[in-house]
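This note sets out several points on the structure shown below. Please read them with the model in view.

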Amino acid sequence: MNYYKIAIIGVNLQPLTYESEFELGEFEIVSVILRGKKQSGCVINHTSKPNFKTAKIVERLGSFTNYQITLAKFISHYYTCEIGVAFGLFEPFSGCQMAKCSFIKSPNLSPLQQQAAQFAKQNQICLLFGDTGSGKSEIYISLIKECLNSGKQALFLMPEISLTPQMQERLEAYFGKSVGIWHSKISAKNKKTLLTNFSLGDVKLIAGARSALFLPFSDLGLIVVDEEHDDSYKSSGDPYYNAKDLAVYIANKMGIKCLLGSATPSLNSYAKFPHFRLKGRFYNSQKEYIYDHSPTGLNELLLSHISDTINKKKQAIIFLPTRANFKFLTCKNCAQSIQCPYCSISLSLHKKDKALKCHYCGFVCAIPSICPSCNNQMLESRKIGTSELVLQLKSHFPSANIAKFDKDEITTQNKLTTLLKNFNENKIDIVVGTQMLSKGHDYHNVTLAIIMGLDEHLDYSDYQARSKSLALAMQVAGRAGRADYGKVIIQGLKCEFFAEYMDKFDKFIDDEMAIRDGLYPPFTRLLRIKIEEKDENKAIIKMEKILKELKEIRNLEIIGSGKCIIEMIASKHRYQILLRSISHTPLLQASQIARVYGALPDIDPVNFS
């Protein structure tokens, strides 16, 4: 009889011992029984007979590729999670055949684009720092073509909300049915079909969100990470992996080419990797910036420019960071906002549903007529959201076709496809949206972009607040005037910051590096430990115990500890510890201590709320 340590895939348990009459290889996938249910497991190693009764391995199911095994082991180590949890991210391997192919069609690159492509070929891992509209996509496609024609696979990673039919059509125009699209809105049936075609070698290029990194690549030659600065590459749940960082790791480990691209690159990537500066725009266009130093909301200046745009048969996009009708419902008497009973945040007002909703735990209630705190009837809506802005615009422009582009509206892939199709066919005059507006969409008839309410992001308790705010503003601004003259209006009370750096990200990088020097990445590394408990006293005690042990770790600075900015979510009290070090080693030691106490370590955090 053989005995093996089996990691239960996707389950937070240490490997368990099972027996088998047949010999198994390391990291082979098997079926086992756990707590009366059949589960998939992964063979970790052969072990000696234990002094307790063991269950039998039911059957052999398949295997993971060397690529997947290497990546899973690193995730388990660096993000300090059980190996079974790491393997839970991956799609199993079912064999792969790589038929030779010859793609002929190729984009026409300008001399500068050719230099950028050559730079990427000469560097295994590098950054393409290219202005919005400078033609980064053409360089990506050129490199992908060369990779596929060499008989290897390619991976094109994009932020989830960039995965539009527009990009799919663009890739398919060059690579036909060899393109496979992978993201969370793809149905289980379509994912199964894609995996089958991938294993047969019919699909050679995967374009997808961060989860596409975990597909069973057997001969990956190129990884392109577009919009490499985007926070959506970072997982919001345990393990808190960053797909961009994992792409860089696996590329370095297995000799894969990796190209990071952005118009507003992260300072980490800029400092760490060789970069090529691609300036200018692919299309000849001009852009004018107008700064409206006023509170968030429609005014005569904005209405005048919107009216002029519509009269010229052009299109406008309006960015607003808040969805719903209003972010708060407050009492004029006691100034209290109406809070979620399970989270320490205000409920958002949704007029269409006649309800207040929590955007964190999903709690919904009817709109009250009196203040729960003082019983006063004078309730006031504050901080306008996308839904309310659409209503106001419709009252000013009743004949205009106005659409909303946010998480409340775009709930399916079909809705996304329809909205973008209608907008690109000029059936929509104005699109109002949140951050989704900024991501990789080409709107050739948009001549006006309005950015509202973004300056408040500069006050967030986040060392990246300035870079995130500027990057978002530049991405939204980049949607206007891509093939024509464009205007960008930035409204806010802190216009000076944006006026100084818009279209001058090189200058911003220099200034921001000086601010972060010695304190924040790329000069140091950070770890955030989160403690969540329904009993607040338990959370405090756990935090204090962890802090006591952390003080014994050398070369580790405790920046601070206490309540999270959002003190409660879904009835759980939230506390945190922020740590800093020059090396990742002390941070991993701290992560292991946090795990012992059931806390959640987030290394290289991007969210501090």
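1. The count comes to 32 salt bridges, where a salt bridge is a side-chain nitrogen of Lys or Arg within 4 Å of a carboxyl oxygen of Asp or Glu. This is a predicted model, in which local features need pLDDT of at least 70, side-chain atom pairs count only at pLDDT 80 or more, and totals for chains, interfaces and linings use all residues. Residues are numbered from 1 along each chain as its sequence is written, and side-chain values use heavy atoms, with hydrogens and water left out.

2. One of the salt bridges joins the side chains of Lys 38 and Glu 59, at 3.9 Å from N to O. This pair links distant parts of the chain: Lys 38 lies in strand β4 (residues 37-47) and Glu 59 in strand β5 (residues 59-63), 21 residues apart. Helices (H or I, at least four residues) and strands (E, at least two) are DSSP runs, numbered from the N terminus.

3. Are these two partners buried or exposed? The terms are set by relative accessible area: buried means under 20%, exposed over 50%, and partly exposed in between, with a 1.4 Å probe and protein chains only. Lys 38 counts as exposed because its relative accessibility is 53%. Glu 59, at 35%, counts as partly exposed.

4. A salt bridge also connects the side chains of Arg 323 and Asp 408, at 2.6 Å from N to O. The two residues belong to distant parts of the chain, 85 residues apart: Arg 323 is in the loop between β14 (315-319) and β15 (326-331), while Asp 408 is in the loop between β20 (402-405) and α11 (413-424). Asp 408 has a relative accessible area of 28%, so it is partly exposed.

5. In the salt bridge between Asp 462 and Lys 468, the closest N and O atoms are 2.7 Å apart. Asp 462 is buried, with a relative accessible area of 15%, whereas Lys 468 is partly exposed at 26%. Elsewhere, salt bridges that share partners join Asp 131, Arg 277 and Asp 506 into one network.

6. Helix α4 (residues 136-149) contains 14 residues and reaches 20 Å from its first C-alpha to its last, close to the expected 20 Å. The expected span is 1.5 Å times one less than the number of residues in the helix. Of the 14 residues of α4, 12 are buried, including Ile 139, Tyr 140, Leu 143 and Cys 147. After α4 comes Gly 151, whose phi is positive, near 90°.
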